[in-house]
Amino acid sequence: MPLTLKALHPLFVAEATGVDLRQPLPHGMADDIHRAMDTYAVLVFPGQALDDDQQMDFGRALGTLEPTRGVVDAHRHRLKHQEMNDISNLDTDGTLLAADDRRRMFNLGNRLWHSDSSFKATPALYSMLHARVIPPEGGETEFADMRAAWDALPERTKAKVKDLTTWHSLIYSRAQLGFDAYTEEEKRAFAPVPQRLVRRHPGSGRVSIYLSSHIGRVEGMPVPEGMALIRDLIEHATQRDFVYSHRWKQHDLVMWDNRCTLHRARPFEDATYPRDMRRVTLQDVAPTLEQAAA
Ligand code: OGA
Ligand code: MN
């Protein structure tokens, strides 16, 4: 069966059917998926009842897995695979995390618009998030199109921002919510890294602005001036016309390109209902400063 794509939004995002992600991909399918990602940036694969091994294998079929997870208490890991991100409100024994658990508070950072692993020297390429258990209401994930956001910027703003470098850290995004409880080891692991703010997306040739709530400083600007600029840019990039909101069904796998989209989690009754989502993440080829500028 060929990969079949159906647009879910006027600018980006498609539903992808005609492939069983539990099986090894048929010849040519990985290329078809990469091409679809270059066009749509977000793909929704409905009805994929994957287990952890199958989700990992699907990731490996498309690229190189990220070797580490950017989390606090990394040693308290619920899942079989160290590389798999646990995007849930569950403790290692499967019970709901307590309201004041620092992992819960740290994870609330996902409610801010971000690009995965922009706080790593070589950031993420694709993320593949799979819904195992979803709450009855809420818990949507929203996506914003950063290529459309770039296209819609006034020329004057494009000229002003096109060569800027930004500094990213998990500490910066969490500080926006007032979270600062790190061990010395975590502080070292989360030291800021530089990223290019504007770059050309290789697979589509389109220019994209690379934003994230992990940004805490713009190179060469006083911090408040740089952060006021970043706030304006994120506000621009996340206006409703550029946003797709995904309402999850169990066994959806949603894959997004972190180079040209932002995303954020929406709230749900997390003291009452479990939400068990698992993420496999691919690494980009190099730090953004080593990649082509716009
Ligand atoms: C992620 C993420 C949002 C959500 O998995 O990287 O930010 O809705 N998830 O869980
Ligand atoms: Mn994320």
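Q: What makes helix H2 a helix that lies across the sheet, and which strands does H2 cover?
A: In this predicted model, H2 takes in residues 52-62 and lies across E3, E5, E13 and E15. Its direction is set against E15, to which H2 runs at about 25 degrees.

Q: And helix H1, which strands does that one lie across?
A: H1 (residues 29-40) lies across E1, strand E2 (14-17), strand E3 (42-45), E5 and strand E13 (253-257). The angle between H1 and E3 is about 125 degrees.

Q: What is the strand order of the sheet?
A: Go across and you read E1-E2-E3-E13-E5-E15-E4, an open sheet of seven strands with mixed pairing.

Q: Why are E1 and E4 said to stand at the edges?
A: Strand E1 (4-7) and strand E4 (85-88) each have a single partner strand, so one side of each is left without a neighbour in the sheet. As for the twist, the average is 25 degrees from one strand to the next.

Q: How do you know that E5 and E15 pair?
A: Pairing takes at least two bridges. Strand E5 (residues 124-133) and strand E15 (residues 276-283) are joined by seven, so they count as paired. The two run antiparallel, and you can see that in the partners: Ala124 is bridged to Gln283, and Val133 to Asp276.

Q: What joins E4 to E15, and how do they run?
A: Four bridges, with the strands antiparallel. Against the cut-off of at least two, that makes E4 and E15 a pair. One spot to look at is Asn85, which stands opposite Arg279 in E15.

Q: What makes E15 a mostly covered strand?
A: Seven of its eight residues are buried, and buried here means under 20% relative accessible area.

Q: Which residues surround ligand 1?
A: The list includes Ile87, Asn110, His114, Asp116, Leu129, Glu140, Thr141 and Trp256, along with His263, Ala265, Arg275 and Arg279.

Q: What makes Arg279 a polar contact of ligand 1?
A: The cut-off is an N or O pair within 3.5 Å. A polar side-chain atom of Arg279 lies 2.6 Å from an oxygen atom of the ligand, so the pair counts. Arg275 gets there too, with a polar side-chain atom 2.8 Å from a ligand oxygen, and for His263 the distance is 3.1 Å. As for cover, ligand 1 exposes 290 Å² when taken alone, and the protein buries 99% of that.

Q: Why is Ser169 called buried?
A: Its relative accessible area is 1%, and the limit is under 20%, so Ser169 is buried. You'll find Ser169 in the loop between strand E7 (165-168) and helix H6 (170-175).

Q: What does Ser169 touch?
A: Not counting residues up to four places away in sequence, Ser169 touches Phe119, Phe190, Pro192 and His214.

Q: Why does Thr4 count as partly exposed?
A: Thr4, in strand E1, comes in at 42% relative accessibility. Buried needs under 20% and exposed needs over 50%, so Thr4 is in between and counts as partly exposed. Leaving out residues up to four places away in sequence, Thr4 touches Glu15, Ala16 and Thr17.

Q: How far apart are Thr64 and Thr281, in sequence and in space?
A: They are 217 residues apart in sequence and 8.4 Å apart in space, C-alpha to C-alpha. Thr64, from the loop between H2 and E4, is in contact with Thr281, Leu282 and Gln283, leaving aside its neighbours within four places in sequence.

Terms used. Residues numbered from 1 in each chain as written. Chains lettered and ligands numbered in written order. Predicted model: local features only at pLDDT ≥ 70, side-chain atom pairs only at ≥ 80, totals over all residues. Heavy atoms only, no water. Axes fitted to C-alpha atoms, helices over the stretch in contact; angles between N-to-C directions. Contact = heavy atoms within 4.5 Å. Near = heavy atom within 4 Å. Polar contact = N/O pair within 3.5 Å; in protein donor to acceptor, adjacent residues only side chain to side chain. Areas by Shrake-Rupley, 256 points an atom, 1.4 Å probe, with all protein chains shown as cover. Buried < 20%, exposed > 50% of the residue type's maximum accessible area, 1.4 Å probe, protein only.
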